[in-house]
Amino acid sequence: MADPDGSTSNPAQQPPPSTRWSHAPIAGPLASGTTPALTLARSLDCTTDDLSKMPPFDLFTAQLDSDSTEARVDAMKKLALVSEAIGTEEALSKLIPYLTVNIAHNEKDDDDEILLLLAGQLGLMVPGLIPGHRAMPLLPILERLCSIEETVVRDKAVETMNAIIPLLLPGGDYEPGMPFNMLLGMAKRLAGADWFTAKVSAAGILPATYAFWNVHGHALEGADEARRELRVLFKDLSEDDTPMVRRSAARHLGRFVEAVAGMTETAEEVVRSGKPVGLPAISDENKRLVTFELVPIFQALSGDEQDSVRLLSVSGAGSLGCGMARNAGLTADLVLPVVRGGCADLSWRVRHHLAKVFSTVAGSMGYAGPKYAARQTEVFQFFSGLLQDNEAEVRAAAVENIARMAQLGGPELFQTHIAPVLPTLADDLVMEVRSKLAQTLMDCCDPSICNTLTDDIILEEFKPLLENFLNDEFAEVQLHILTKLSRVSHLLGKMDVVVSSILQMAKAQNWRVREAVGRLLPFLAEARGVSFFEEHLLEPWMKIMSDQVADVRSACVDGMPKLLSVSGSEWIQQHILPHYNTMYDESSSYLTRITVLRSYAALAEKEGENENSLSVPLIEQIVNILLKGLKDRVANVRLISARGLGIVSLSGQCDIAMLNGRIVPALTECLMSEEDPDCKYQCQLALEAKA
């Protein structure tokens, strides 16, 4: 069997048969050496034969009725599997009622692990086994789980319920008013419960419930009143005396605003999509509801005495802005003061949460055009303050938003408010800040994220920082630059110090750094020319080709199409392939021969979306060495050769005479004489590729 890099296990090096296929040790109560099946059998009051004949549902109930905790946990882990085994109808008629009576509504069952598994497994049953319009019987179970004291159980139940609610319609054969009345009643019961646990869950399901009414409840009598009741429930939760309830309301405020506004995308998706100001289109009525009913809730939670409430509330500022259709006048009066207060909050956790979503918040304000230039400048001043915060966590979170903010504000605001702070951040004592800055600087050079910064700005502002980062003591910082430096490959000709640092890093101890350098060298050849590659890059290229780590060698293999597109067939034949041939002939390691063969085969592959044009002599040289490898004494070398011949055949650059005269006969002969099954399989694939 071949390893990922093409190597085949050596039988002489394999463990003895007694240990070769041994399983991982069984942990916990089963670690005594007995198998799980025997332990399960001993936990049930039946013989092993009866156990093997027991129907899935009976076995499931027997395990749950057992006194063995391990057996009960094992049963609940297989709930979705049991449901599949018994089918949809029996699951709805027998399994769900059993769970409702014996697990969810059993006050004595306080095993949180069982209940957590139940909440997760119910989510796996919809819509695969149980169609969404038939999933209403699951809601009472989930409602009960939403009131459990254990936080993780409630959170999983809310997550599952939010996944099921949007699937309830269309298609159900419901009684009049269902499932709307059921959802409204469930929300009321949870929000009006005596204990805070149910109220915490109520805040989590209200956004999905309101969105369901918005989408499907327009034609229902009393729909407006039902939606008003849901908004009142959320308002009451936001004013609850218990901080945990207010915290939950603050956490879900953004989603509730999006539901009330009728948005089909989140605020982050709206801002990142680059939609113009005024979108998403929000109806006047929904905008009024957001402005006059939800903004006061937002302002109250943002001024809460508990910083754990404030930090979650300010994170929803972007949803408020989008919920008002990014109306600059409204956001300036209602949202911007909260953002201003959040940036200056005495609690660093509030500033940290605001910094994490700042680009979304800024994009939701709608400050476009010269009319709101002063407001936009103020927003960038807030952001600059977060970049210089005293707490490293705040700085690191803000740094991640630099690329999006540059796209939002353009080159002028970037150079005025962000660029002056970058050198200080690049020298930050905290490695995480430097690492995130290195990553976001390269994102600024990615047109899909930020296309507003010109090459002159990149050279002026980023070049000194890149030089610093490539010499950073932490490999993580270096890798963020190296792995994405190809985005500015067209500017490498003007970055001498950067290129010099890259060449020095070809000998780095960290293999991931060497791998990144290997992937970058073809781009250096493109920027500096093939003569520069021949004089300065060929030696590190060959060292990387001979590296002890397979992924590092693969970097050179993957770079061959790019190098060919830059240099052309003739240059490759004259300056690269002679070195490869010497490596192949003189190497005593089959791994080296595999790397050379893979490099030859890679020349026939596409470079991105562009197909390289190979000269006839180069094609002949590729085929010759692959045919030579087909007769190697090591099975893995033959396997790679057969795979390479399949790639050449698929490329369409090999003429019919060579295919039928040399490649097909060689593969056919190997297929007939080969003993290794993997090699035979690759030969068969190569022949089919030709066909």
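What you see is a predicted model: local features need pLDDT of at least 70, side-chain atom pairs count only at pLDDT 80 or more, and totals for chains, interfaces and linings use all residues. Residues are numbered from 1 along each chain as its sequence is written, and side-chain values use heavy atoms, with hydrogens and water left out.

(Helices are DSSP runs of H or I with at least four residues, strands are runs of E with at least two, and both are numbered from the N terminus.)

Next, pick helix α6, residues 79-86. Leu 79, Ala 80, Val 82, Ser 83 and Ile 86 are buried here, where buried means under 20% relative accessible area and exposed means over 50%, with partly exposed in between (1.4 Å probe, protein chains only). Look down the axis of α6: the buried residues fall within an arc of 160°, so they line one face of the helix. That arc is taken from the directions from the helix axis to the C-beta atoms. On the other side of α6 you'll find Leu 81, Glu 84 and Ala 85, which are exposed. Step on to Gly 87, which follows α6 and has a positive phi near 90°.

Now jump to Val 126 and Pro 127, and check the peptide bond between them: it is cis, with omega near 0°. Pro 127 belongs to the loop between α8 (112-125) and α9 (138-145).

For a helix pair, show α16 (residues 284-302) and α17 (residues 307-314). Their axes come within 7 Å and cross at roughly 140°. Axes are lines fitted to C-alpha atoms, for helices over the stretch in contact, and angles run from 0 to 180 degrees between N-to-C directions.

Ala 325 isn't a glycine, yet its phi is positive, about 60°. Also in this loop is Arg 326, another non-glycine with a positive phi, about 55°.
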